[in-house]
2 protein chains.
Amino acid sequence: MSVDRTHVEEAARRIAPFVHRTPVLRSRSLDAWMGADVFVKAEHLQRVGAFKHRGATNAVQSLTDAEASRGVAAHSSGNHGAALALAASTRGVTAFVVMPEGASAAKRAAVERYGARITTCDNTLDARRSVLTEVLERTGAVEVHPFDDVRVIAGAGTAALELIGDVPDLDAVVTPVGGGGLCSGTCIAIAPVRVIGGSPRDRATSSADGLRTGCSGRTRAILDAHGVEELVVDEPAIIAAMRAVWERTKQVIEPSAAVAFAAAKAARLDGARVGIICSGGNVDLDELPW
Amino acid sequence: MSVDRTHVEEAARRIAPFVHRTPVLRSRSLDAWMGADVFVKAEHLQRVGAFKHRGATNAVQSLTDAEASRGVAAHSSGNHGAALALAASTRGVTAFVVMPEGASAAKRAAVERYGARITTCDNTLDARRSVLTEVLERTGAVEVHPFDDVRVIAGAGTAALELIGDVPDLDAVVTPVGGGGLCSGTCIAIAPVRVIGGSPRDRATSSADGLRTGCSGRTRAILDAHGVEELVVDEPAIIAAMRAVWERTKQVIEPSAAVAFAAAKAARLDGARVGIICSGGNVDLDELPW
């Protein structure tokens, strides 16, 4: 099943009662740093602190009552687990989340706070998949994949749809790319506007822990079909971008979101009007010195 | 000369072209932490990253042309110096800022960026005062004290005036108290609304480096006349409040601003509608682990 703009528009209507319509932030100091007019779609201010709440909510709210009664399930070490847990609890549905050992205490606490049932597994992709399969078989729950799912892609696209509604004359929109769900949804929502996708050079070791996976066949095909320009950014550029945003806009963004700012800067969009999907703000503050 | 609400209203009109009308932020997660409905007047999003821009702008814009031509001067290790430098450059006037050795590189860079002339002195209050006196005598500049100045107090009060204009039915408004300029201006702007002032227990060693001074005779008299409730908060409570705000609202606030959140929590305003003047967001990111 393919996804088109109609799906994104339907998703927007479906999730509107449950998600924040996040603001578009402006900062002349950030503009000076970027050398462009930057419009920040503030998904770090979304519920759960990330755009992931949009896709998870669209998926959960799309279920039939019979499906919903069996619950939803995913494996996640991060924002998708929390988003699915909240989306499920909003519908009064059970979420089963498989989390690897070593996931941050803050993220585990968020998933617990929203009432999900957590199963802990070894910290390998194989273990996560096989434990999730067991959970799905045991419970009959519906799997909600973090990005390889048309409902999740359509939900993710609603952020860009809102952005372009608020700021119609953008020259380009930039997103981070991990599994490609956000970037896919963005392309579909706002084509033919130019879309740029930023990725960390080394996914395995980057501080951008939300971007550790690569695209699926589905999201890769969508990016290619829309001619997304992909830019790879180095770790120092990610950290520099994160610091620039913290310092100049006073917004706490996570490294995965900073990848989009770093890519926008690397693209040298001098004087252009640039939208950035600021994907999330969940930083582990235990790492801070205070 | 005393200050009354008319001065604050005049200041609001005078500075309007030069300052941001900052938003009032809401967060249900912060409300849950506080146990009250919190309305955050976001002065960390003010120009220069602090409410100080209001008072400095009011002072500089109040000068006669003859006064302005001589320039303005202050000693400051922090936000007031940057605020005065920007306010002066906005009017095309010279700012002379006396900064102690050991002031943070970020703060010194901000003062320089706005074109002020910096004189460095020893890091004692005596040295700061005597070097400032020399500068005033040499240049004929007009001193703009960071808080013991009716123009600065009136300017600081404009933040609360805007807050109460946006949210008229607050039960209390909380500010940090260092020299008392912000708290004084707030009382004058919104009396008879209840005002609570928060201070760190040990000003000399607190992370709240914007609150290292105590009140002057003038600001003390204003606080007393308005019956401000003063609450002292411990360092762990300040840090906990700062983390709660960063984590739950994704806003970078500085420790001095966190003092107001800590005081509001300590006041146990259960279920009340509480305004907080979030005084600034200038944190030295060199201390961060990235």
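Reader: Does A:Ala59 count as buried or exposed?
Author: A residue is buried if 20 or more other C-beta atoms lie within 10 Å of its own, exposed if 12 or fewer, and partly exposed in between, with C-beta atoms placed from the backbone. A:Ala59 has 28 C-beta neighbours inside 10 Å, so A:Ala59 counts as buried.

Reader: At what pLDDT do side-chain atom pairs count in this model?
Author: Residues are numbered from 1 along each chain as its sequence is written, and chains are lettered from A and ligands numbered from 1 in the order in which they are written. The model is predicted: totals for chains, interfaces and linings use all residues, local features need pLDDT of at least 70, and side-chain atom pairs count only at pLDDT 80 or more.

Reader: Which residues does A:Ala59 touch, not counting residues up to four places away in sequence?
Author: A:Ala59 is found in helix 3 (residues 52-62) of chain A; helices (H or I, at least four residues) and strands (E, at least two) are DSSP runs, numbered from the N terminus. Contact between two residues requires that their C-beta atoms, placed from the backbone, lie within 7 Å. On that criterion, with the sequence neighbours left out, A:Ala59 touches A:Val144, A:Asp149, A:Arg151, A:Val152 and A:Gly155.

Reader: What separates the C-alpha atoms of A:Ala59 and A:Gly155?
Author: A:Gly155 is one of the residues that A:Ala59 touches. The two are 96 residues apart along the chain, and their C-alpha atoms are separated by 7.8 Å.

Reader: Which residues of helix 1 of chain B are buried?
Author: Helix 1 of chain B spans residues 5-15, and its buried residues are B:His7, B:Val8, B:Ala11, B:Ala12 and B:Ile15. They cover an arc of only 140 degrees (taken from the directions from the helix axis to the C-beta atoms), and therefore lie on the same side of helix 1 of chain B. What covers them includes helix 3 (52-62), helix 8 (150-166) and helix 9 (181-190) of chain B. The buried set is thus B:His7, B:Val8, B:Ala11, B:Ala12 and B:Ile15.

Reader: Which exposed residues does the face turned away from the buried side of helix 1 of chain B carry?
Author: The buried side of this helix includes B:Ala11 and B:Ile15. The face turned away from that side carries B:Thr6 and B:Arg13.

Reader: At what angle do helix 1 and helix 3 of chain B pack?
Author: Two packed helices are described by the angle between their axes and the distance between the axes. Axes are lines fitted to C-alpha atoms, for helices over the stretch in contact, and angles run from 0 to 180 degrees between N-to-C directions. For helix 1 and helix 3 of chain B, the axes are 9 Å apart and the angle is about 85 degrees. That makes the two helices roughly perpendicular (65 to 115 degrees; under 35 is roughly parallel, over 145 roughly antiparallel, and the rest oblique), at about 85 degrees.

Reader: Which core residues have the most contacts inside the largest nonpolar core?
Author: A nonpolar core is a set of buried Ala, Val, Leu, Ile, Met, Phe, Trp, Tyr and Cys residues joined through C-beta atoms within 7 Å. The largest has 191 residues. Beyond its neighbours within four places in sequence, B:Leu84 is in contact with B:Ala56, B:Val72, B:Ala74, B:Ala95, B:Val97 and B:Val144. The residues with the most contacts inside the core are A:Leu84 and B:Leu84.

Reader: What is omega for the peptide bond from B:Ala191 to B:Pro192?
Author: Most residues other than glycine have a negative phi, and most peptide bonds are trans. B:Pro192 is found in the loop between helix 9 and strand 8 (194-200) of chain B. The bond from B:Ala191 to B:Pro192 is cis, with omega near 10 degrees.

Reader: What is phi of B:Val48?
Author: B:Val48 is placed in the loop between strand 2 (37-42) and helix 3 of chain B. B:Val48 is buried, because 27 other C-beta atoms are within 10 Å. Its phi is positive, in a residue other than glycine, and near 70 degrees.

Reader: How many C-beta neighbours inside 10 Å does B:Cys278 have?
Author: B:Cys278 lies in strand 10 (residues 273-278) of chain B. B:Cys278 and B:Ala260 are 18 residues apart in sequence and 7.3 Å apart in space, C-alpha to C-alpha. B:Cys278 counts as buried because its C-beta neighbours inside 10 Å number 33.
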